Amino acid sequence: MDKPTNKNFITNIIDNDNNTNKFSGRVHTRFPPEPNGYLHIGHAKSICLNFEIANLYNGVCNLRFDDTNPEKENIEYIEAIKKDIEWLGYEWNSMHYSSDYFEKIYKYALSLIENNFAYVDSSSPEVIKKERGTLTEPGTNSKDRDRTIEENIKLFNEMKEGNFSDGEYVLRLKINMLSPNINMRDPVIYRIKKFEHHRTGNDWCIYPMYDFTHCISDAIENITHSLCTLEFEDHRDLYDWIIEKINHENKPQQIEFSRLALEHNMMSKRKLSELVEKKYVSGWDDPRMPTISGMRRRGFTSSSIKDFCSRIGITKKNSSIEMGVLENTIREELNLSAKRVMGVLDPLKIIITNYPDNEKEEILAANNPNDKDSGQRNISISKNIYIDRDDFMEFPEKKYFRLSPGKEVRLRHAFNIVCDKVIKDNDGKIIELECSFDPVSRDMKKGNKVKGMIHWVDANNCTDAIINIYDRLFKEPNPSDLESFNEKSLVIKKDAKLEKNIAINNYSARYQFERVGYFIRDNKTSNETIIYNKIVSLKDSWKKINK
RNA sequence: UGGGCCGUGGCGAAGCGGUUAACGCAUCGGGUUUUGAUCCCGACACUCGUAGGUUCGAUCCCUACCGGCCCAGCCA
């Protein structure tokens, strides 16, 4: 399943860098999550990109937690993030925290002040905002812009010592308030935050901001290609400015690519956490969530996620991927690897009237007809069976060739039956079918040729289960708010019946319920309740005709 | 409106001055198959946002226009 990394505009840049010997042929990337939430499929795109590019060029990739905002970050996320990356199957070269560099970053800030490239500003956030100008109007210089170097050093040290309260002072770069790029209008690079940091505790009360931290961290770690998403394009000027001014021997280059958008999903941590907090879903690992942990619980394999990432490509174009692409990757893999079993989601009881009482027979069936090495299983059948309600129609539509009154269908792996009688309760609901079978059709060459083939389970020999059927999280392809939440994204089948062969204690086994889809045991369930999650349906051209 | 970036079939995506404009998903035909699955085979952009220009020749270069995304956190 691991395919060679596709070429893209970034590998073109790297090839070119290698030709000009820009980094002496070195390729060193990094994946820099902020530990403020769980990783999602969009992060997987970035993880695959960074690690695969490193692999492709015999380079390495670091993991770096970008933890410069203690108010938002949390140690709990760190382990979850590491677990997800490991689960995807990637090994980082070394693991770092931006906070490991606080001392160095502080020294760099000091040297910028000494060279008159930074100053301490006592302006309020409102004033700074106002002086920054707008998209069309230039900014104006702060009253503190010409503070002396000595005074700046003294104040910056006092900031560090905790002599001021939050917001009283900030450190700003002295670049150009007239720049058409707002990021260059004397950006704030340090703020006072008397907040305990998850790693450095109370060592610091000033914290560097992203723009100042990220490029310096990249330089320190000897990163060559710093890959990030499109919204940072405007920050590249600043990135380069800082790298130049701190005079570090390593000059990493930032390259931006477009974020992943997946139809019927949302990819922002804020929106996803809102789904969790407002209980739309059961948690970050709800199988409907586009989080790595959710998809893992849903039954996606890491190889299918990597395959998906390689299929969607890397460009600078804003794009939105159809769910079909994702679904196809997991179907394709599971078709080859999943054992087959029969499962009835909405049971409808059938009595095979001419089948002898108290008898049963065993039938041999392939575990996976597409994999000859997968062996066979034994299925039992007796007088009472269940079929899916979907597979019976009292008044069949045109082209419906499953069971209906007087019609003959084949029970998969077994024999043909004819529906003789429909039994209803007082409300007119169908509760049972009486059918008769044709013993000769056990040999399918001898029985009548029938178009319909349905699955079933032996009512006297099956396992009760609850099955979670998942559908798209949002109704609209490109939802903008939670209004679009699909309340039918989870449908619970409470009295499903499964073929006994299913290994209920194997939580990682993925099965194809023949004619239905792929399923995995929910890993959060106890042994008393057997719960399976639907990973993805089989393609269904009947549903297409029928709609 | 200032700046940055992007526009190739329904959705993605190759293509880097001469190609029959790859490939994947989707779709539509047909075949195999007693999973309406899989598999196989075939179809699916005289045209690359539009208009000009350069060139013997442009999806690739230039200009203008049109459309879309991003930026005015002491978030990342």
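How far does helix α4 (residues 102-114) reach from its first C-alpha to its last? The span is 18 Å over 13 residues, close to the 18 Å expected at 1.5 Å a residue, where the expected span is 1.5 Å times one less than the number of residues. Helices (H or I, at least four residues) and strands (E, at least two) are DSSP runs numbered from the N terminus.

The model is predicted: local features need pLDDT of at least 70, side-chain atom pairs count only at pLDDT 80 or more, and totals for chains, interfaces and linings use all residues. Residues are numbered from 1 along each chain as its sequence is written, chains are lettered from A and ligands numbered from 1 in the order written, and side-chain values use heavy atoms, without hydrogens and water.

Several residues of α4 are buried, among them F102, Y106, L110 and I113; buried means under 20% relative accessible area, with exposed over 50% and partly exposed in between (1.4 Å probe, protein chains only). Just after α4, N116 has a positive phi of about 65°.

An open parallel sheet has its three strands in the order β1-β2-β3. Because β1 (28-31) and β3 (95-97) are edge strands with a single partner each, one side of each lacks a neighbour in the sheet. The twist averages 35° from one strand to the next; axes are lines fitted to C-alpha atoms, for helices over the stretch in contact, and angles run from 0 to 180 degrees between N-to-C directions. Strands pair if DSSP finds at least two bridges between them; β1 and β2 (residues 60-65) have four, in the parallel sense. T29 stands opposite C61 in β2.
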